[in-house]
Amino acid sequence: AAMFLGIAFGFVLKLMPLHVATFISGGLLFTIQTLFMNSLSLLLAPVLFFSIITGFSSLSSNYDIGRIGGKVLGTFLITTLISILLAFFIAHLVFENTVSPLPLAFEKVSESLTQQEPLSVKNLILGIIPNNLIIPISEGNMLQLIFVAIFAGISMLALGDKVSTIRHVFNEANELFLKMMNTVIAVMPLVAFSSMGMMVFSSEASFLLMLIVYLIAFVIGTLVLFLVYSIFILFGARISPLYYIKKAVSYLVTPFMISSSSACIPMTINFCQKKLGVSKKITSFTIPIGATINMNGTGMMVILSVLFLAKITGVSLDLAMCLKLGVLAILVAVGSAGIPNSVLIPLTMLLTVTGIPVAAIGYILGIWNIMDRLVTVANVNGDIAAAVLVARSESELDEEVYRDKKLEKIKESK
């Protein structure tokens, strides 16, 4: 609703006297968006750090990292990698001739960024490990921050109960900063209204068409991912994916409306057990951990968004930078929280890494609500597909439920 109201208000601004419309757009609406972006940047590092470290450190105490865990994590990693590769391919296919740079003022900012020293694989590797713990925070080096978080999380995982106190402190810190982030995100409708209003007022119809192209690109990616999951079920689980497709399509309306994979955990578990025949043993492991680290939609979304914003800001990304983006997208997808609008966190980080101005997010905030809901759908769908695959491989899938044969028997008995 905020998005459509913002579009309508943008057209109203075009009808107002120029000095009044400029004051509202460049003064009030711009201030709202800037305050939001500043708050987002403020919380980026601590949210990213604590969400990753708590995610890795909690695995040993809550889940059996054995045969089933290996299958689950392996499935998540493969599907996330595929989603990121698909994002690169779709972006090249869709954005190449349909997305063009924005007005000259923004291009000048981008031009200075493109004159940076080319990134090499050697520099990428050497830049992963900082020589002290202050640099990643003081210099905003997100790659190093992620490394420190993963290193600490794995170390806590190995130490187990010996570091239960510090694990508890990190969990509490994670809750604290997520609460602060949720408070900031609560004003998202107002920001979407402001961004869309400014966008319509200051942009030509051609840019609005580019936004539609951006949205279509992600929809295409989501549908292709659905097809990939179906192929995995057909050849990996050796069962017909038609039942999965039919049932998943009807259920995925729920995560679209809720816009949070974490909030959907109880409903997704119930759906997998009651509708797809996946055992409790598998769902109790796969779905909760999937809501934490299986972010296929997130990985695809951040890559598409970065490449889209790179095109419209005129920032050129070479092969080494794209490789770095791919690796980082996997890491931030694992560390992304399953809450509404959480994609903003890894997206902001990747923009910082590539040299694209973080303020460029403002160009897509107008349709962010729709995009975020589609991301949740893709994430939850990946969890469901993984649960079916692992359950089938472990003989934990009730095929009568999966194929609706039990329902047919009940009807026949009546």
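The following conversation goes through some of the terms used to describe this predicted model.

Colleague: What is the make-up of the protein chain in terms of helices and strands, and how much of the chain counts as buried?

Modeller: The protein chain holds 21 helices and zero strands, and of its 414 residues 52% count as buried. Among the contacts with a separation of 6 or more, 82% are between residues 24 or more positions apart.

Colleague: Why is helix H16 called oblique to helix H19?

Modeller: The axes of H16 (residues 296-313) and H19 (residues 368-393) come within 6 Å and cross at roughly 140 degrees. Angles over 145 degrees count as roughly antiparallel and those from 65 to 115 as roughly perpendicular, and the value of roughly 140 degrees therefore makes H16 oblique to H19.

Colleague: Which residues of H16 and H19 meet, and of what class are they?

Modeller: On the H16 side Asn296, Gly297, Thr298 and Met301 take part, and they meet Trp368, Met371, Val375, Ala378, Asn379 and Gly382 of H19. Sorted by class, this contact has five nonpolar, five polar and no charged residues, with Gly counted among the polar ones.

Colleague: What makes the pair of Tyr214 and Phe308 stacked?

Modeller: The structure has eight aromatic pairs. In the pair of Tyr214 and Phe308 the ring centres are 4.7 Å apart and the planes stand at 25 degrees; centres within 6.5 Å make a pair, and planes under 30 degrees apart count as stacked, so this pair is stacked. Because Tyr214 belongs to helix H11 (residues 205-235) and Phe308 to helix H16, the pair ties together parts that are 94 residues apart in sequence. Both Tyr214 and Phe308 are buried.

Colleague: Which residues form an aromatic cluster?

Modeller: Phe50, Phe170 and Phe177 form one aromatic cluster.

Colleague: How do you know that Lys247 lies over the face of Tyr402?

Modeller: Lys247 is placed at 5.9 Å from the ring centre of Tyr402, and the distance cut-off for a charge over a ring is 6 Å, with a further condition of lying within 35 degrees of the ring normal. Lys247 is accordingly listed as lying over the face of Tyr402.

Colleague: Why does Thr283 count as buried, and what is Thr283 in contact with?

Modeller: Thr283, which is found in helix H15 (residues 280-293), has 0% relative accessibility; buried means under 20%, so Thr283 counts as buried. Leaving aside neighbours within four places in sequence, Thr283 is in contact with Ile269, Cys272, Gln273, Val278 and Pro288.

How values were computed: Residues numbered from 1 in each chain as written. Predicted model: local features only at pLDDT ≥ 70, side-chain atom pairs only at ≥ 80, totals over all residues. Heavy atoms only, no water. Axes fitted to C-alpha atoms, helices over the stretch in contact; angles between N-to-C directions. Helix = DSSP H or I, 4+ residues; strand = E, 2+ residues; numbered from the N terminus. Parallel < 35°, antiparallel > 145°, perpendicular 65-115°, else oblique. Contact = heavy atoms within 4.5 Å. Phe/Tyr/Trp six-rings, centres within 6.5 Å; stacked < 30°, edge-to-face > 60°. Buried < 20%, exposed > 50% of the residue type's maximum accessible area, 1.4 Å probe, protein only.
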